[in-house]
Amino acid sequence: MYTYVIKNGTVVTDKGLIECDLLIENGRIAKIGKGFTADNIIDASGKHILPGFIDMHVHLRDPGYEYKEDISSGSRAAVKGGFTQIACMPNTKPICDNAAVVGYILKRASEVGLCRVLVIGAATKDEKGEELAEIGKMKEAGIVAVSDDGQPVWDSRIMRLVIEYAGDFGLMVLSHCEDKKLSDGGLVNEGYHSSLAGLKGITRAAEEVMVARDIILAETLKQRVHICHISTKGSVNLVREAKRRGVKVTCETCPHYFGATDEMILNYDPSTKVNPPLREDSDVEAIIEGLKDGTIDAIVTDHAPHHKDEKNIEYALAAFGISGLETSFALSYTKLVKENGLSLLALSKLMSANPAAMLCVEGGSIAEGVKADITVCDLNKEWVVDSSKFLSKGKNTPFNGMKLWGEVVMTIADGRIVYSEGING
Amino acid sequence: MNKDLLGLRGVSKEEIEEILSVAGHMKKLLKQGVKKLPNLQGKSVITLFYENSTRTRVSFELASKYMSAVAVNINVQASSVAKGETLIDTGKTLDAMQSDVIIIRHSMSGAPALLAKNVKAHVINAGDGTNEHPTQALLDMLTIEEHYGGFKGLKVAILGDIKHSRVAKSNIFGLTKLGAEVVLYSPATMMPEEIERLGGRRAKSREEALHNADVVMGLRIQLERQQGGLFPTLSEYNKFFGVGERELESAKIDAMIMHPGPVNRGVELSSAVIDADNSFIEDQVLSGVAVRMAILSLLTKK
């Protein structure tokens, strides 16, 4: 099979950053060191070589909403963003609450054959929060976790049952924390800017009361719960305290919760409309603190592509969500490493090793013998976000025109070069 | 002036003063019975209303017609907003018909800004969601200015549903820019977040709000807010948050009584207060036509 060497890069490993070469053989990292020879050489001089990124929270919209995104366009966007594995949420049409839909997604993903697509099954039938979905059969079909993402499991008894039942199959529940009665049709973060713009606010409490509930359930049941896209200072504090007590809770956040604030809503541009909403400076600071001290386990995109017609309308009518796969690394690198002193190794763990460990999937590190899932980045490259160049069908980003540092130049999945730009390979 | 009038948040003190000065002149002419001015000759003015309104729409229509414009009214059923033609498409259609000014009222905050971004015509916000209602605030300001001769040092008390009131917000932005103090009072369930940073001062009690006030403005309490649980009953609202003759004793003698209408008698203001000698509610209506004439004329002036 295909053998090649990636030379002269700086490799991000568990033990730190090493200047060395990688010998790739049969889809695996055969050796790490110096002096390998092969017919094919990739010169990574001046570049950083990271474990392939893993995004555990993506909406691929396929089946049912292919006009927003499909498995092919979503996969292309993912590998351009440096992702070798992405986990897709079940809020498709039909809802991915049964083995047949799981099978369809996995089949399409393998036909597309770019990154590995992991499937998250619905926790309850039709994401209605009323009856358990066929979690066991979906596990057989290949799901890696369960979630009703987009919809909270509002009924605490059902949530308890989901956590217990999914636990039997070794599956973690990913919880979208939102008390819909409290968010009450709100559009943006409730605070100064919502008052200024006259847009209906969503109180932070809508997220935090459900974070607290799920922590209490995890603690009571002694089971794992993973909190999706946390966005507030209060949520960070709740998770930090719970972890200190030994509760088996993990959580994720998204680049827009540390790279943007709700000041951006003032021009009524619906590209800023996302759920949970963009928050304030004090929340951004707390999220960054949580990423630094290990309270937050992963950076995910919550990639939510939408059609232009669903965004270029009145703010109240526009869809929630940000197309995030193609800006995630650069936003994270710029905001966390460049501006806030997080180490590159820590960022790598948040984007690769931690999600792999939480989902119990292979990947997430560079070591001899592991699958060759690799992302090569040029950290010295400054570039301007231009959503018209996105490979995703969703051009909806509030970061258009923003200057960012760090560009993905090559993505390798299972040893295959699935994306390459500005580097010989 | 800018191309559009979307709100008073982005309008300077000087621009407000200019509008009020022209509006004062227009109001004098109206009082003299002059109802034919040439300012908008050859211009077309469209009122595009996605929310029911009689008062504001008629006021704009008369203002346009008094200045010789061609005025056309379009009423769009709120229920068809989501499924009908998009706002941008409607705007582009009106633009293609060579409309000079589009006056829009919409239940969703930011809709006028979206329209303005997509059309060549001047856009005037006639009230959007819970955002702004700049012409209402300007007519309130004209009424106050004519009575007191200015704004410096005046205390304007606004009582009612502040949270859902675009009138209160535009008044806060406008009045504070001209030096008045705006004091607000409502149940906490109807008070927006961080109102102080917007420029208003939240009173701790009804008495504190009314104490020594030069202007007392009531805002309409809608029954649907009761259904939404923001207060228990209209009568309880009136008892603890409304303004009657007894409460009004805290305000300055002859304090101006104002209300953007339509009034719920006996809820936010008692009938005795509404009909008092120092009530300016009808004068506000005339100011409304004058202010709208001034804005139309200033926006379309080359």
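This report describes a pocket, the cavities and the aromatic contacts of the structure above.

The model is predicted, so local features need pLDDT of at least 70 and side-chain atom pairs count only at pLDDT 80 or more, while totals for chains, interfaces and linings use all residues. Residues are numbered from 1 along each chain as its sequence is written, chains are lettered from A and ligands numbered from 1 in the order in which they are written, and side-chain values use heavy atoms, with hydrogens and water left out.

**Pocket and cavities**

On a 1 Å grid over the protein atoms alone, a cavity is a set of points where a 1.4 Å probe fits but cannot get out, whereas a pocket is an open set with protein on both sides within 12 Å along at least five of seven lines; lining residues have an atom within 4 Å of a point. A volume is the space filled by probe spheres set on the points, which are joined across faces, edges and corners. The second largest pocket holds about 620 Å³ of space, and of its 30 lining residues Asn91(A), Gly150(A), Gln151(A), Asn275(A) and Phe320(A) are the closest to its centre. Five cavities of 30 Å³ or more are found in the whole structure; the largest cavity contains about 60 Å³, and the residues that line it include His176(A), Glu178(A), His229(A), Asn275(A) and Arg279(A).

**Aromatic contacts**

Rings of Phe, Tyr and Trp (its six-membered ring) pair if their centres lie within 6.5 Å, and planes under 30 degrees apart count as stacked, over 60 as edge-to-face and the rest as tilted. There are eight aromatic pairs over all chains, and two of the stacked ones share Phe329(A).

| Stacked pair | Centre to centre | Angle between planes |
|---|---|---|
| Phe53(A) and Phe329(A) | 5.1 Å | 20 degrees |
| Phe329(A) and Tyr333(A) | 5.9 Å | 20 degrees |

Helices (H or I, at least four residues) and strands (E, at least two) are DSSP runs, numbered from the N terminus. Phe53(A), in strand E6, and Phe329(A), in helix H11, lie 276 residues apart in chain A, whereas Phe329(A) and Tyr333(A) are separated by about one helical turn because they are four residues apart in helix H11 of chain A. Phe53(A) is buried, as are Phe329(A), with a relative accessible area of 2%, and Tyr333(A), with 9%; buried means under 20% relative accessible area, exposed over 50% and partly exposed in between (1.4 Å probe, protein chains only). Ring pairs join Phe53(A), Phe83(A), Phe329(A) and Tyr333(A) into a cluster.
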